[in-house]
Amino acid sequence: MSKFFKKDESSSEDESSEEEAPQVASKAPTKGGPKAGAGKKFYNSDDSESDTERVVVSGADKKIDGLKELFQKMNNHIKIGDFNSLQTDFDDYQAELNRCIGVIFAKDKLTTLPGWVLKPLMDLEDCINDVTPAEKKKMNKLNSQAFNKVRQKVKKFLTEEGDEENRYGDQLLKYRENPVDDEPGKKKASKKVKIAESEEDSDDSDDSDDSSDDSDSSSDDSDSSSEDSDESTKKEKKKKAVKKDSSSSEDDSSSEDSSSSSSSSSDDEDDAADSDSDASASDGEEVVDKGGLPAKYAFLKFPYEKKTPEQRRWKWVLFEHLPEDMKPFIRPPTTKEKKREQGAKPSTTKKATAEEVAETLEIVDDHELDFSKLDNVQNVLTKYRSQQVNRRNFDSKTQMEVLLLIQKAQAANKPYLVEVSLLMIGALFNSSKSTASGIFTRVQWLKSSKLIDELVAQLVELGSAIKMHNEVTTEKEEFQRFQLSSLSQILPAIITFVEKLDQQLLKAFQTVQAHTLDYMHRLRDECLLLKQCDSLTAFLGKFEDKEKLARIAMIKLEHIYYKSDALYEKTKTLKAEEQAKLYVPAEPSAKLINDLVTLILETSPLKLKLKAIMLQSYHLAIHKKYFEAKDLIMKTRLSSIIAKQKIPNQILYNRAIVQIGLAAFRLGLFDECNSLLVDVCQSPKLKESLAQGVSNYSKQLEKSLEDEIEEKKRYVPPHLHINLEILDCVYMITSMMQEIPNLSQNRFTIHKKVINRNFRKLIEQYDLKGIQFVAQNSRDYIVFAARNLHLSQWQEAFDHISQIKVFSKIDEFKPGQPLRQALKDRLKEVALKIYLIESQDQYESYSLPQLEKQFDLSSTAVQKEASQLILQGTISASVDPKAKTLVYSREQKHEMQSLSERQ
């Protein structure tokens, strides 16, 4: 035997001798018994030295304790309304629920959550439902966002989680009807009893081992008697331990339950004691105390540990669900609960009789009301107006049906028809807000337009009788007639409706696919809008309100600025029936637009003034009035202030500048055209600058979703698009006329001067390619024309340009038109300039008549080009008018000297 066990044995013998309790002898130890006994004595000696009780906690209990801590945190956050923390708590709730799913489910109901798990979920749902819109507005931004997220998560959790036939939402509803707390503390108490029994058994076995060590000389008879006495003492000790542990477990469970119960139960019991003393029990019931507490509610004054489970469940019932005779003994109602009770009761005026109240209670649907009575009409119109403003209980279909009934019943009452029309138009526009796209269908748009026309016609009939006035009718003693809005309120509403109608039409143009029948119908609807603007302008002209007239003028200007006189001339050739469906102004378009812009400049803000000026310059440019459009832009100094304006105005400015540049090209002003187009066309975001889509460069950039949505809102409808292929061809042709002579002039320079980077890059890309025999697109034709022009072959260059298909859409480029001849003359001049620069080292002189014949130019044109090159220092030569020759000066210069001069 080792010294370690001998030491333990001796120490245990000393301790056993000091004990006063009698020791009972046990059977002889088995083989290896002393070592086992010594080990047990060593373990028990440590237990006796520590006074603390040994508690065994299982993994399931630990999980339940973790859930309870989480529920307590949720309860604290619910009390202070911290939805930002509740969002995290609810995520933890779901995670813990999935982790502890096998622990919390009952064995007999594997899909039903216990009440103590459903209670925090019920408290959270009640906290969310109790938040009013006014309280939500007072929340900060983070708390408000967290509130919306928590509400969505709880709703999704209740409807989607759980068994298909027994969702958590259904379980919560059943729990609300019968809130039962499963009290998991009781399970702990039973476990403690079992642990105490097992400990007692272990203690008895230790005592028997000790007695066996000390009673080696006892006989067999004494052994049998000792065994009997030992069994009897064991039974007595077990009974006592069970009684003590059961009583202590009950005390522990009651203390745990009382500490874990919410403050509402203790408050309810205190309030029950201090409740209204005047409240008395119902007739025939026994009264417990002077406060009038009935006998059936006497348990309210009991301490928690004396209550039955049925009586304890009352603390989980909401105050509003309690019996009416029980509420006074719990606590007085709060202000919120008073408002709920008042809101549930039907509101009646003091002067209303019992019969009238009964009638209003019996009628539930507005369709069943008698609209021949003005008070019913007034009440319904007031209710619908508040619904449209507050967006509560708003139903567009119901309102339209009821308003049509009112319109038929009050057909003779013109002022009421005006109010009905206003509400019907408002209901239609509010109905679009409930849709995902927020866009009218064509039927809704036409219906709204028709209602606005009817409203204007009604206002024209009423004239000055629209103003507010009160009348006393004969139907009742004191009845105030429904007050209609005055002109100061009706007219802005009509203009707002027309502006919304214009916005809906713009959204339709942006969403409907171009070149479809639906898009053609939408273009016809634009004519209806213009006619509506004319009728409204005639009506508003009586009141001389220029501000409102300017708003209508801006709508009209946005829909006619891009139309030329040629389009109206084609319209006049149609049949009379077709012309009636379209809009044709009575006066020339230039005069009409000038009048509209003048009206806008008088009263409108700066933003609309700049917009009107740019639209007018656009209209002048499409009529080839280049100088007038350019002067209008220069007078207002738009180029210096446009960078500070908003993006829609910048887009309009780019569109106006591009159209002015195209106007210069149509007039044969190629240099002016290039100087105007260079800023817009050199940008890699050409489509974005004109609001005509997304360029390839922008597709490579990362954009947020909000930026993409805002960019799509700014898109121009397809029928307003500028042809980008024509724009690119015009810009490249005008650049070719400047860049090819520049290449010839700076062919020996080290730092080559570049006039147009885009065209130079295009030429370099084609030089890197292999042999290309046939032109396939417009840029191929331009590159082939540039190569021929570089060789002074002007006729071949013009032939390539004339083969571009896009130019067939330009009326001015057709055969016999001045633009075609102007382009050919300009190519001749550029070819002559290149020829004189390239061949100055090969020839000593040129005959001017020979140059005139070669390039098909007049003598004046040839002398003009030669003189310009001499003045610029491009060539060193002189013109002899008598001999009609161009003589180059031959000075012997060193090669380095000539290079330095050209550089």
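Q: Which residue in strand 5 is the bridge partner of Asp880?
A: The bridge partner of Asp880 in strand 5 is Thr885. Keep in mind that this is a predicted model, in which local features need pLDDT of at least 70 and side-chain atom pairs count only at pLDDT 80 or more, while totals for chains, interfaces and linings use all residues. Residues are numbered from 1 along each chain as its sequence is written, and side-chain values use heavy atoms, with hydrogens and water left out.

Q: In what sense do strand 4 and strand 5 pair, and over how many bridges?
A: Strand 4 (residues 877–880) and strand 5 (residues 885–888) pair in the antiparallel sense, over four bridges. Two strands count as paired if DSSP finds at least two bridges between them; strands are DSSP runs of E with at least two residues, helices are runs of H or I with at least four, and both are numbered from the N terminus.

Q: And what sits in the turn between strand 4 and strand 5?
A: The two strands form a hairpin with four residues between them, and one of the residues in the turn is Lys884, with a positive phi of about 55°. Lys884 has this positive phi although it is not a glycine.

Q: Is Lys884 buried, partly exposed or exposed?
A: Lys884 is partly exposed, because its relative accessible area is 49%; buried means under 20%, exposed over 50%, and partly exposed in between, with a 1.4 Å probe and protein chains only.

Q: Where is Lys624, and what is its phi?
A: Lys624 is in the loop between helix 26 (606–622) and helix 27 (626–635), and it has a positive phi of about 60° although it is not a glycine. With a relative accessible area of 36%, Lys624 is partly exposed.

Q: Moving inside, what does Leu836 touch?
A: Leaving out residues up to four places away in sequence, Leu836 touches Tyr846, Leu851, Ala866, Leu869, Ile875, Leu886 and Tyr888, where contact means heavy atoms within 4.5 Å.

Q: How many residues are in the largest nonpolar core, and which have the most contacts inside it?
A: The largest nonpolar core has 107 residues, and those with the most contacts inside it are Leu557, Met736, Ile801, Phe807, Leu823, Leu836 and Leu851. A second, separate core has 48 residues, including Leu403, Val418, Leu423 and Phe429. Here a nonpolar core is a set of buried Ala, Val, Leu, Ile, Met, Phe, Trp, Tyr and Cys residues joined through side-chain atoms within 4.5 Å.

Q: Now charges: how many salt bridges does a search of the whole structure find?
A: The search finds 27 salt bridges, each being a side-chain nitrogen of Lys or Arg within 4 Å of a carboxyl oxygen of Asp or Glu. One of them joins the side chains of Lys153 and Asp91 at 3.3 Å, N to O. That pair links distant parts of the chain, since Lys153 is in helix 8 (residues 141–160) and Asp91 in helix 4 (residues 83–99), 62 residues apart.

Q: What about Lys383 and Asp366?
A: Their side chains meet in a salt bridge of 2.7 Å, N to O. Lys383 lies in helix 16 (residues 374–390) and Asp366 in the loop between helix 15 (354–362) and helix 16, so the pair ties together parts that are 17 residues apart in sequence. Lys383 is partly exposed, with a relative accessible area of 32%, whereas Asp366 counts as buried at 12% relative accessibility.

Q: Which residue forms a salt bridge with Arg779?
A: The side chain of Arg779 meets that of Asp728 at 2.9 Å, N to O. The pair links distant parts of the chain, with Arg779 in helix 36 and Asp728 in helix 34 (residues 724–745), 51 residues apart.

Q: Last one, for scale: how many helices and strands does the chain have?
A: The chain has 41 helices and five strands, and 39% of its 903 residues count as buried.
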